[in-house]
Amino acid sequence: MSDYILYPGCSMETGARAYYDSLKAISKPIGLNLKEIDDWNCCGATEYFGISKTPAYALIARNLALASEQSNGTRSVVAPCSACYLNLAKADYYMREQPKFGRSINEALAAGKLSYTPGSLEIHHLLDVIIYDIGLDVVEKNVVRPLKGLRVVPYLGCMVPRPDYDHRWSDHEFPVELDMLLKTLGAEVVDYPLKTECCGGHMTQISPPTAFEMIRRLIALADEREADVMTTVCPMCQLNIDGYQGEMNHFFGTNYHMPILFFTQLMGLAFGIEPKELGFGLELVSARNVLDAIGVQAPPETPPAPPKRPRKQEGLPMPSPLIKPQVEALKKVVTK
Amino acid sequence: MTANLIENTSPADGRERIGVYVCHCGTNIAGVVDVVQVADWAAKQLKHRGVVIAREYKFMCSSLGQELIEKDIKELGLNRVIVAACSPHLHEKTFRTACANAGLNPFLCEMVSIREQVSWVHTDKAAATAKAKAMISGGVERVRHQVPLEPMTVPIDPTTLVVGGGIAGIQSALEIADAGFHVYLVEREPSIGGHMAQFDKTFPTLDCSACILTPKMFSVGSHPNITLLTWSEVEKVEGYVGNFTVTIRKKARKIDEELCTGCGICQEKCPKKVIDNVYEAGLGYRKAVYTPFPQAIPNRPVVDVDNCTYYEKGTCKACEIFCPTKAIVFDQQDKILNVKVGNIILATGYELFDARRMPNYGYGRLPNVFTSLEIERLTNAAGPTNGNIVLRDGKTTPKAVGIIHCVGSRDKNFNNYCSVICCMQSLKFAHIIHERTGATIYNFYIDIRAAFKDYDEFYQRVLEEGTLFVRGKVAEVSDVPRTESEKGKLIIQVEDTLVGKQRRIPVDMVVLSAGLEPRKDTREVAKTFGISCSVNGWFIEKHPKLDPIATMTEGIFIAGCAQGPKDIPASVAQGAAAAARVLSRIEQKQMALEPVRASVIEEKCSGCRICNGLCPFNAITFHEDRMVTEINPALCQGCGTCVAACPAGAITGTGFSNDQIMAQIEGLLMLNVDQEPVAA
């Protein structure tokens, strides 16, 4: 049993319930003992750091301080969410590299009678722990239902392998960890050069056309390379590709159907765990085809929510080659 | 040197007559250190330590300054000299020669570095002056214990070993052989020629590479003074300058070189095709018995034991059956040769940066991404496509080609250094590909470095030809289209830093101008020859500006890319320069070695062997029978590492004995002088 302090982050309890459920389901068979930080708070996501530096880092460092207080001999903090992982790692790194900054953060933490010694904890992403601490051999031993014939896209998103302060990943642009894991699960890994491209992040809120184009690129390539499903390690990526796929289709007049699952859900499937326990059915773009492909009984379908009206175009337009008027113009050229 | 003087100069007998000379070095020293005060102080305060005279002078190293010392030695009967000036690296030889001219043993002259260690590193004048005094005091105490030394002379064997048969090694070997001395040229591959033999054209003149190289290769092959050992590697080097014994493994060619006529029938008949990863850079094929290229020197094939059907299955022997002179010898064994040489030139060359290490550029993943060496073969008329520039499918001519500079060079993640040749090589590719295919050529560069004769003119010529230059480091080469026009193309994503804009440029072919890297086994080679490598792995020269050919180990010289990335003219120049250095050594017939050496006092040596692994020059041997360590005085360079490491104090160095060091420390602490307050 390997002991880890778990920092779940907000999305694991809300939008990425499937991630949390499937993580809980697979942690036992692979011997991953997770202890959640008591009284943790938001990591600050991506926005807060742009607004005010010290409070933002104090906010995230509070979790590190709590973790080291509750560590009980464990040194490793594991974050399943990419943004949480990056923020924790970033806070630790900046406090370590800039002692003056570290002191100012600790001054802020002192208000809550907390303190954190930079470098005293190791911060890992869940995938990193599974590949390098638990090991693929342990994963392989648990595979009872190989994902044979399932074409899976390994999509990591931008935040996990970069900037990689502690050199944990095989490469910053083309890391192969997720590919290796999927191969171990028996899946057919799709060659997917966009594996570390951005999913659009919060652009869905600021400039939907920009976000739609970014989502479109990812889905279009997966579709072109005949993938059955995409898999990711990040709640944000999952949200954008799953939750905004309908709006994106509407915006471009396309008809993509590309389910996206968390890698832990696929692990659970391969381990023979019931789909319901793994949070199947919570996704908006149905992944029934995945279950069908490997011959698993799908849980009863919930009736689909009525489609939302697309938002009006607003905010900063990005000169994207494929926003709607240009698509139309392009179509004309092509049909000519 | 008179017997009288030697008698007078036994260590610190109170009869020392020391002269102290403080140099202004213009304002280099005098600007920070009060040299007049220092000289006055030395004359007065160090009088009881044997200082007879202390002078300051504007430039001690000038002939007038040297005459000053010589005159004092003769007139005042000085038997020790202290020159407080620059670092001994610079002028120790100058002042030692001056002393020798005046009849004083040159090793009784000691330099105190008050420029590099005082005036250049301090701004507080009072503190700097006090430090200069302390250092001179240390020097005086040290020189009192110095003994006259005689340099060792060693004979120089006139035979030379050149390692590496690329253009640098070829040049070295020919220069020495033409001067009438024997050379062993050792090459790892079956033929000499090196990387230059793979190239099509050379920049900036666009000479055919083979046309200018093969005459030189032929001269090497037929030269009576050159013993050419290809398909061979140096295994061991013993001895010291003038007297090296080198063990060379001559790998079994499986061919009797005497009987073979180089007719080529064996290659024709061999049924086994093998991808040629060396000469053809993986783009072409060769047979399992092969000469790398038609002009190979020597024109004798090699049987590739790893791929030959006979060694795999025990049958075939097609080459043996068809060989008209019965020259194939399947059971031939490696031969070990021992040769004696006086000097060694290392010209072991470079390796191309492995572009797979940058997966974002797609080499190895995207078929139409090529490395520079592959393009050299592709453009070469003798190459796998007979000079047709085509995509990896073997037939499509590219319409747009992107050439990416600085792949693996000037990149914090890989190599910080500039690989020197890539800019010019990329311009050459731009010219050749445009000329032969009419394709649109893009060059993606960080800076264009077209220094040296006629290089910039070539750049301007390529500009005029319509090659497009985009300044910016390419982010990625992608096969994922975003628009219809990008479909089926390789898209180069780059920030055009001159416009401040992201660009996506679709092309058919991408050329990665990969940087130069030291060979993988450079560190082992350096260890074999007793020299060292820089952080980046290139061989370290004795002095980066004034002695780029020699190494810190006497008798070992370096030339060509093994010392650092460089182009053909620079490699040739270095090869010739190394040969000139060796020839001057040979002509002198013997060589005086610096007498500053470490030696072991056998009675004190406990045989702990701590020093054994520390010597950077392989000068230490351990005698198992007597359980003592011995230092070879000819190999020892007097670095002092072993002296400091010996826990029993059994190793002592001439010129840096324990007595001297302790006395110097006492002097530095001014224990023998009236204490003066030193500014904080």
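Visitor: When do two strands pair, and what counts as a strand?
Guide: Strands (E, at least two residues) and helices (H or I, at least four) are DSSP runs, numbered from the N terminus. Two strands pair if DSSP finds between them at least two bridges. This is a predicted model, in which local features need pLDDT of at least 70, side-chain atom pairs count only at pLDDT 80 or more, and totals for chains, interfaces and linings use all residues. Residues are numbered from 1 along each chain as its sequence is written, while chains are lettered from A and ligands numbered from 1 in the order in which they are written.

Visitor: In what order do the four strands of the open sheet in chain A stand?
Guide: The pairing in this sheet is parallel. Strands S6 (188-189) and S8 (260-262) of chain A each have a single partner strand, so one side of each lacks a neighbour in the sheet. The order is S6-S5-S7-S8.

Visitor: Which residue in S7(A) is the bridge partner of A:Val152?
Guide: Strand S5 (residues 151-155) of chain A runs parallel to strand S7 (residues 229-232) of chain A, and four bridges join them. The partner of A:Val152 is A:Val229.

Visitor: At roughly what angle do the axes of H13 and H14 of chain B cross?
Guide: Axes are lines fitted to C-alpha atoms, for helices over the stretch in contact, and angles run from 0 to 180 degrees between N-to-C directions. The axes of H13 (residues 422-437) and H14 (residues 455-464) of chain B come within 10 Å. They cross at roughly 35°.
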